[in-house]
Amino acid sequence: MQFAFTEEQEQLRSFVRQFLEEKSSEEAVRELMETESGYDDAVWSQMAEQLGLQSLIIPEEFGGQGFGWVELVVVLEEMGRALLCAPFFSTAVLATSALLLSDDADAAGEYLPKMASGELIATVAMTEENGRWDESGVTATATQGGDAWTLSGAKHYVLDGHTAGLIIVAARTSAGVSLFAVDGDAAGMTRTPLATMDQTRKQAKIELADTPARLVGTDGAGWTTMERVLDRAAVGLAAEQVGGAQMVLDMAVEYAKVRVQFGRPIGSFQAIKHKCADMLLEVESAKSAAYYAAWCASEDNDELPAMASLAKSYCSEAYFNATAENIQIHGGIGFTWEHPAHLYFKRAKSSELLFGDPTYHRELLAQRIGI
């Protein structure tokens, strides 16, 4: 198939890039990554009110714009390029997908309009201390008493878990894994910010002790929903990785043009040419994988599970390799705290592990295509 973005999608890219160049400069990123919350509340509001980014894939009936995953991927690619410090991925990708895919109209009607307006930050808490991204990794328990539910257990690596006003938790009932909505100030819940290598994306540990919760969707159908959420999360993260990889490629090429050694630009040396050419090949291939996976997500077709794993595994390695080569091309200055190269390197490494590393997704891909 021939894939190309429409004029409207390219305009969206242009608007978002212009906004992020102003609001997510390197100076702003460095300032926000040192804070506990990890985002600027004023910028978050502007994203919702001026650009409507949080509401992009939320249906109009729930206060959203009703766009598809291709548009969302355009936005995520630009956010990855700018290393945006904001709870966008957790809210607009993870939590929004969980609510939409759970087929719970009441929960969607209550939470999605607030998320669309930027009033409510939300996230999904699935992974536990075991670090697994499959169904067997969910050991937190949910207990029913009458019409009420309470949760017990601990969740780790929860994106923006310490600032979210809504946390959708995967827990195990007698019927299997189910999803539950927990308010950010619920009794019996302790939220602890985690020290992470990638300071631009905040994570938290959440401990639950008989914490009141609301069932989202059908009891026992939570893993069916979470599988679909994780596939879409993998596609979204692949788009972010593509944006970051393109940024470091541009950074490396520009430096190779202006850095002079032995009386000539270092870009004229064969070794540097080869590095840049290899980076370009991987970045362009990563774009193809991410864009096709985005189309599959937009169409919600049968190819999505396989393409999500393919895109996540390939884009993870392409981004990490690009950030490492960028540091090498920059030489000594590329290793310094003052240079932005390490910010992309750390984001690339954390993204490589998030939702499963490339080895995990290659195994998943093999299973999904019947190898």
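Which residues point one way from strand β1, and which the other way? The legends below start there.

The model is predicted, and local features need pLDDT of at least 70, side-chain atom pairs count only at pLDDT 80 or more, and totals for chains, interfaces and linings use all residues. Residues are numbered from 1 along each chain as its sequence is written, and side-chain values use heavy atoms, with hydrogens and water left out.

View 1. Strand β1 spans residues 122-125. A122 and V124 point one way, T123 and A125 the other. All are buried (under 20% relative accessible area; exposed is over 50%, partly exposed in between; 1.4 Å probe, protein chains only). In a regular strand the side chains alternate between the two faces of the sheet. β1 pairs with strand β4 (residues 166-173) in the parallel sense, over four bridges. Pairing requires at least two DSSP bridges between the strands. A125 stands opposite V169 in β4. Strands (E, at least two residues) and helices (H or I, at least four) are DSSP runs, numbered from the N terminus.

View 2. Rolling a probe the size of a water molecule over the atoms shows where empty space is left. On a 1 Å grid over the protein atoms alone, a cavity is a set of points where a 1.4 Å probe fits but cannot get out; a pocket is an open set with protein on both sides within 12 Å along at least five of seven lines; lining residues have an atom within 4 Å of a point. Grid points are joined across faces, edges and corners, and a volume is the space filled by probe spheres set on the points. The count comes to three cavities of 30 Å³ or more. Helix α5 (residues 88-101) gives the most, three residues. By class, the lining has six nonpolar, four polar and five charged residues. Nonpolar covers Ala, Val, Leu, Ile, Met, Phe, Trp, Tyr, Cys and Pro; charged covers Asp, Glu, Lys and Arg; the others, Gly among them, are polar.

**View 3. The second largest cavity.** Its volume is about 120 Å³. Of its 15 lining residues, L94, V124, M126, W133 and F355 are closest to the centre. β1, β3 (148-159) and α7 (222-258) each supply at least two lining residues. β3 gives the most, with four. The lining divides into 13 nonpolar, two polar and no charged residues.

**View 4. The largest pocket.** This pocket has a volume of about 260 Å³. Among its 13 lining residues, Y157, Q203, S350, L353 and L354 lie nearest the centre. Helix α10 (residues 341-353) provides the largest share, three residues. Five lining residues are nonpolar, five polar and three charged.

**View 5. The second largest pocket.** Here the volume is about 210 Å³. The lining comprises 15 residues, and S24, S25, E26, M247 and Y344 lie nearest the centre. The largest share, three residues, comes from α1. Nine lining residues are nonpolar, two polar and four charged.

**View 6. Cysteines C296 and C315.** The whole structure has zero disulfides (pairs of cysteine sulfur atoms within 2.5 Å). For C315, the closest cysteine sulfur, in C296, is 13 Å away, too far for a bond. C296 counts as buried because its relative accessibility is 0%. C315 is also buried, at 1%.
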